[in-house]
Amino acid sequence: MVQYIVRRLLFSIPVVLGVTLITFILLNVVPGDPVLEMVGKYADPETIQQIREQLGLNDPLVVQYLRFLFNLLRGDLGRSFKTNLPVSKMIADTFPTTLKLALSSYLVAIALGVTTGIISAVKQYSFLDRFMMILALAGISAPVFWVAVVAQLIFGLKLGWFPISGYYSLKHMILPAIVLGTRFAALIARYTRSALLDVIRQDYIRTARAKGLTERRVIFVHALKNAMIPVVTILGMQLSGLLTGSILTETVFAIPGLGRLSVWALSQRDFPLVQGTVVFTAIVYILGNLIVDISYAFLNPRVRLK
Amino acid sequence: MRKVLLVAVLIFAVATFFAQTPKRGGVLHDYFTTDRMTFDPQEDTTLQTYAMARLLFSTLVRYKGETLELEPELLAKMPEISEDGKVYTFELKKGIKFHDGKTELTSDDVKFTIERMLSPKGRGASKWLFEPILGAEEFMKGQSTSLEGFKKIDDYRFQIILKEPYAPFLYHLAVPGASIYSEKLVKAAGDNWRLNPVGTGPFRLKRHVPNTEIVFERNPYYFEQGLPYLDGIVFRIVPDSTTALMEFEAGTLDVVTIPVLEYERLKASGKYNIIEKEALNTYYFLMNMSDPKWSNPILRKTMAMAINKKELAEAVFGPRATVATSFVTPGIPGSYPLGQGPAYDYNPEEAKKLVAQLGNIGKVTAWQWGGDTLSQPNIIIQAMAKEVGIDLEIIPVESAAFRQARREGKIPANYGNWWADIPDPDNYIGVFFGENNQMSSGYNNKEVQEMIKKARVEVDPEKRAQMYREIEYKLIREDVAVIPLFHLKYLLATQKNVHGIIAHPTGITVYLYAYKE
């Protein structure tokens, strides 16, 4: 297992390199001078040249890229053009917020999604099943932005149960976590339902029932564990998605997370910060997938990691 | 009876006096849509950073309340100007302290501030503010180490000598980008300066939590007795305008910029104070006079007559917009009064006749700043052009790319807006149509450009104003270089207990006199 993890991590190196190269090329191909974003509307060409020189933007692209890689190897992501703060510090300051938001919405998603999925599967074709699946479909289809505004309007402004936006306390996290979480819950519910339905039809479940086990035991001990494999895949993919895809939620709820930082960096053409957030996100993604693969082995001994 | 009346009048007078007397204390809750991650107005020229600069720093002169009239701020009195309009003599107020309560403001700080902006090694983004000063060019190029046009007389008095007379120079000194820094404190802060500002302004920075909030507290050493009234101001970073409005309605924000669609509802509710203020801006449709197609004056004139400005303004900004007939915003010395400018009126019949003269010109192009779909104003302009027979294609271009192309003069035409930095026609006409302009107007009428140069240095205000009106007539009526569309009002709503916030025509919100009941 350790060998497997080490090998997977080693394989990730070219992936990260590829990501940095593609980001670097894209940033330099897209028109728009970062210095123009920094200076005012009247700045003269000399000032622009000066700043370009200071930031090393006049060096050949190869030199700039190699410098970035060299620094990356030393664990240095460079300094933000705009703030002059270390990129790693800016990421370290915002990532925990995004992680908290992701994890809390993850909990909401799992709790809601798996429960509804199980109920739907067990009560297949019942009114409850249909109702829940329609709700899930609506959940998947509704834009996050819209759900967020409606939630703010009802639970924030009208009922006053939760703060409308901001990031000051645990209470501020509830609404965003529910908004972001219910969306994934809908997806998880549908996956859980179909996976569980597949498993329930298997012979070993019939055997379990024939042995006289209670329905509860059949579902929770025998069926659910196996039904969870495709669900875990989705969960793993969603975790990375939650981390990186919370941009809209962070914007609407004014949460200072990594998503907003990366959008800000891009709008400012802050190259080191964009590179930094992209590399960091790639690493999170790779780790997320690795965790999913490892968890397969725990769920299903038939999956051998070689 | 008389006595009773007198007493009643007295009581009323006293009551009004107390009702209007600002109350000291309290914290104001406002917001910004983004965190600029800097407090240095020399580097960042956005209205947001400028609004914060008015809290943190002071300028030599400032606008008097809501007006466009200047008054001394750090100065003891308005500067004396020599007859030839070149030498300005200044005197600083004595005993002005920076936020640390120790460092005192002197003439050297003013010199340092100007040189920092102009420094070839710095990141000064508004060099234009000090460029009229003698020797600025040499200094900017690194050919001199000291600014020739700055003469220190003593710690509180100094002279600034201009290259040539330039009437709006004093306005430059009121722009927040010209905020005065302390040489000692800037040097001590080094690279951290942009996030650790120390000024002489009414408030000082208490806390900055990136992308979350910026907290200011009253400066106990502020040089104006009794000001500011507020104990502090908290700016939360709320990127989404709908969210901000909900926070405002929930009472957690004291101020909000009114979204166009919500204006009527907020006003009708009677629950809030509404601040409506004419601002120095013009929304326009600019056509590149050097573009192969737009170089045709008949096409430009057709376009000018095709746009129904009233309909466009109402559709896009509702009550916020006023139809423009001139490019220089009314109210500025040298501008045309509202509604009396030289712009062409909407005249679809005439436009259709002109199109017939144009013959088959095919598709003409305009660019849009950012976005991936067409913005509402562009959709309307396109439809109006189509109605008279112009096939106008509008291409959305990502903002950074747009900015770069604009600098290079490569934009064929575009709908845009200009918020002036100073109330002077040169800030419109010189910027857009002078030689080497960076606004992609492609303007190439040498005669008018000569006139622009002359108007710039004219000392007699009356004569100068007349010159600009003449130039603008030629620009808009004869050359149809730009189509002024409308001017936008500054619209803010505040909670009922909030008073004294000034929405200044320059677009900057001033909190110095703000208070909460």
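Tutor: Let's begin with a definition: a residue counts as buried when its relative accessible area is under 20%, as exposed when that value is over 50%, and as partly exposed in between. Keep in mind that this is a predicted model.

Student: Thanks! How do I apply that to Arg269(A): is this residue buried or exposed?

Tutor: Arg269(A) has a relative accessibility of 5%, so it counts as buried.

Student: Which residue does Arg269(A) form a salt bridge with?

Tutor: Start with the general idea: side chains of opposite charge can pair when their charged atoms come close. Here, Arg269(A) pairs with Glu398(B), and their closest N and O atoms are 2.7 Å apart. Arg269(A) sits in the loop between helix 12 and helix 13 (271-299) of chain A, while Glu398(B) sits in the loop between strand 16 (391-397) and helix 13 (399-407) of chain B, so this pair joins two chains. As for Glu398(B), its relative accessibility is 34%, so it counts as partly exposed.

Student: How many salt bridges are there between chain A and chain B?

Tutor: There are two between these chains, and 42 in the structure over all chains. Besides the pair at Arg269(A), you can look for Asp44(B) and Lys82(A), whose side chains meet at 2.9 Å, N to O.

Student: How should I read the size of the interface between the chains?

Tutor: The size of an interface is often given as the accessible area lost when the parts come together. For chain A and chain B, that buried area is about 3,800 Å², with 51% of it on carbon and sulfur atoms. In terms of residues, 44 from chain A are in contact with 48 from chain B. Across this interface there are also 14 residue pairs in polar contact.

Student: Which helix of chain A gives the most to the side that touches chain B?

Tutor: That is helix 3, with seven residues. Sorted by class, the side of chain A that touches chain B has 25 nonpolar, 12 polar and seven charged residues.

Student: What about salt bridges inside chain B?

Tutor: Glu73(B) lies in the loop between strand 3 (70-72) and strand 4 (80-81), and Arg62(B) in strand 2 (residues 61-63), 11 residues apart. Glu73(B) is buried at 2% relative accessibility, and Arg62(B) is buried too, at 8%. These two belong to a network of salt bridges that also links Arg54(B), Glu71(B) and Glu224(B).

Another pair is Lys489(B) with Glu276(B), at 3.4 Å between the closest N and O atoms. Lys489(B) is in strand 18 and Glu276(B) in strand 12 (residues 272-278), 213 residues apart. Lys489(B) is buried, with a relative accessible area of 16%, whereas Glu276(B) is partly exposed at 32%.

Student: And the nonpolar cores: which residues have the most contacts inside the largest one?

Tutor: In soluble globular proteins, nonpolar side chains tend to be buried together. In this model, the largest nonpolar core has 69 residues, and those with the most contacts inside it are Phe285(B), Met303(B), Leu392(B) and Phe486(B). Strand 18 (residues 482-495) of chain B contributes the largest share, six residues. A second, separate core has 67 residues, among them Leu27(A), Ile219(A), Ala265(A) and Leu273(A).

Student: What is Leu392(B) in contact with?

Tutor: Leaving aside neighbours within four places in sequence, its contacts include Phe285(B), Trp294(B), Met303(B), Val364(B) and Ile381(B).

Terms used:
Residues numbered from 1 in each chain as written. Chains lettered and ligands numbered in written order. Predicted model: local features only at pLDDT ≥ 70, side-chain atom pairs only at ≥ 80, totals over all residues. Heavy atoms only, no water. Core = buried A, V, L, I, M, F, W, Y, C linked by side-chain atoms within 4.5 Å. Buried < 20%, exposed > 50% of the residue type's maximum accessible area, 1.4 Å probe, protein only. Helix = DSSP H or I, 4+ residues; strand = E, 2+ residues; numbered from the N terminus. Contact = heavy atoms within 4.5 Å. Buried area = accessible area lost by both parts, 1.4 Å probe. Salt bridge = Lys/Arg side-chain N within 4 Å of Asp/Glu carboxyl O. Polar contact = N/O pair within 3.5 Å; in protein donor to acceptor, adjacent residues only side chain to side chain. Nonpolar A, V, L, I, M, F, W, Y, C, P; charged D, E, K, R; others polar.
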